Amino acid sequence: MEEFITLDRAQFRNELEMLRGKSALEGLKARVRSLRDIIAGKKNDDLGVLAAEDEENTVRFKRSVLLRELDQVLEAYTLERACYYIKRLHRSLVATKTNGINDINLSRWKEYDHIITDSLWIIDRRDTSGAHLGWYWGNFIPQIPHQLMLRYTRRGDVVVDPFAGSGTTLIECRRLGRHGIGVELNKEVAARARELIAKEPNPYGCTTLLETGDSRTIDCEALLHAAGVQKAQLFILHPPYHDIIVFSGDQRDLSNAASTEEFLHMFGQVVDNITPCLEDKRYMAVVIGDKYARGEWIPLGFYCMEEVLRRRFTLKSIIVKNFNETTGKRTQKELWRYRALSGGFYVFKHEYILLFQKK
Ligand SMILES: C[S@@+](CC[C@H](N)C(=O)[O-])C[C@H]1O[C@@H](n2cnc3c(N)ncnc32)[C@H](O)[C@@H]1O
């Protein structure tokens, strides 16, 4: 668990301003050493910078990050360099800089190491906390919507998931303070999901709405209006990987498409239907895996990507994520290995998170 430290904002700011005014490097470093020892818990707080968590006008830092910042000052060879690091720390205290589409304070970007920025996601353990029970065959791990919402939405924004399944996205919406609108074709699945979503605490008072219906034709605008908003700020699409898992006997279900072409056509219909509800310049994530059929690798991920790129979207990232084996596959693991060895192919261990920005 990352340890945080609470400081008295004004006192800490005064301290940094005083340090910036020092005229000799050694004097400055001696004072920084003292400050570092207080923050590391090695010394009594004779500078009065520490504060209790419940006090007003405080600032919270990740202890390790703040210590690293101070170490940088201590390692500086010149007074100018040391003052530059202090000035940067001071700025992180007084200024909030965001890119406008999330709540990440770029002035303190080093404190966000829980947010992934690499295109390879290896996530070994599913988050099973709270209402995330992982009961639905074909669900995704909650860390996917969690990461996407932190990067592409702000608190109070609206997220739409047109293949809502067990409601993983909507549960995560409640946790992170985003309004969530989901559509799910299967009414039994939607009913169970609604029950679980309702069990998840809603500390930010967000609206979570899960509608039963066909995302190719549902009135997305009406759903947004029902939630009291005009546009969504993020779409998360996790369609069936064609017929890898057949979710129902319903012909409107993408997993019942008769061919890859029909699957892509239906997927495109969903994108067309919901796109007008996404605010311009905002993001859409498509979580999709490939499939293997009749001796051939079918690159559903790339096909879906092409389908989206024919529309008003720019590709921002292709993320490769390790694939968690489903219960069904696990029992067949040996069989798949034998098939791969004899058939000259590789067993799927990854899926894609494709990120697009609306033009
Ligand atoms: C891969 S699952 C999504 C799982 C979800 N991310 C979760 O964590 O539970 C795809 C879902 O899309 C639903 N679905 C298929 N066709 C649909 C359509 N035309 N409209 C709405 N939902 C559809 C299926 O019933 C299935 O629950």
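Predicted model: local features only at pLDDT ≥ 70, side-chain atom pairs only at ≥ 80, totals over all residues.
Figure 1. The phi angle of His-242 is positive, about 50°, although the residue is not a glycine. Most residues other than glycine have a negative phi.

**Figure 2. Asn-57 also has a positive phi without being a glycine**. The value for Asn-57 is about 55°. Asn-57 sits in the loop between α2 (25-39) and β2 (58-62). Is Asn-57 buried or exposed? Asn-57 is exposed, because 9 other C-beta atoms lie within 10 Å and the limit for an exposed residue is 12 or fewer.

Figure 3. Along its principal axes, the C-alpha trace spans about 75 × 55 × 35 Å. The protein chain contains twelve helices and twelve strands. It has 359 residues, and 34% of them count as buried. Among contacts with a separation of 6 or more, 70% are between residues 24 or more positions apart.

**Figure 4. Asn-105 lies in the loop between α4 (79-94) and β3**. Asn-105 is partly exposed, because 14 other C-beta atoms lie within 10 Å, a count between the limits of 12 for exposed and 20 for buried residues. Which residues does Asn-105 contact, leaving aside its neighbours within four places in sequence? They are Thr-96, Lys-97 and Thr-98. Ser-92 is 13 residues from Asn-105 along the chain, and the C-alpha atoms of the two are separated by 8.6 Å.

**Figure 5. Eight strands form an open sheet with mixed pairing**. The order of the strands is β3-β11-β12-β8-β7-β4-β5-β6. The edge strands are β3 and β6 (208-212), each of which pairs on one side only.

**Figure 6. Strand β4 (residues 158-161) is covered on both faces**. Val-158 and Val-160 are buried on one side, and Val-159 and Asp-161 are buried on the other. β4 runs parallel to strand β5 (residues 179-184), and four bridges join the two. In this pairing, Val-159 stands opposite Gly-180 in β5. Between β4 and β5 the chain passes through helix α6 (residues 168-176), making a right-handed β-α-β crossover. β4 also runs parallel to β7, with two bridges between them. Here Val-159 stands opposite Leu-234 in β7.

**Figure 7. Strand β8 (residues 278-288) pairs with strand β7 (residues 232-237) in the parallel sense**. Five bridges join β7 and β8. Ala-232 stands opposite Leu-278 in β8. The chain goes from β7 to β8 by way of helix α9 (residues 260-274), and this β-α-β crossover is right-handed.

**Figure 8. Strand β12 (residues 350-358) pairs with β8 in the antiparallel sense**. Six bridges link β8 and β12. Tyr-352 in β12 is the bridge partner of Ile-288. β12 is also joined to strand β11 (residues 313-322), again antiparallel, by nine bridges. In that pairing Phe-313 stands opposite Lys-358 in β12.

**Figure 9. The ligand is surrounded by 26 residues**. Which residues are the closest to the ligand? They are Asn-139, Phe-163, Gly-165, Ser-166 and Thr-168. By class, the shell around the ligand has eleven nonpolar, ten polar and five charged residues.

**Figure 10. Asn-139, one of the residues closest to the ligand, lies in a loop**. The loop runs between β3 (120-121) and α5 (143-152). Asn-139 counts as buried because it has 20 C-beta neighbours inside 10 Å, and a residue needs 20 or more to be in that class. Not counting residues up to four places away in sequence, Asn-139 touches Gly-134, Gly-165, Ser-166 and Thr-168. Asn-139 and Thr-168 are 29 residues apart in sequence, while their C-alpha atoms are 7.5 Å apart in space.

Note on methods: Residues numbered from 1 in each chain as written. Contact = placed C-beta atoms within 7 Å. Pairing = 2+ DSSP bridges. Right-handed = clockwise from strand over helix to strand, strands pointing away. Near = placed C-beta within 6 Å. Nonpolar A, V, L, I, M, F, W, Y, C, P; charged D, E, K, R; others polar.
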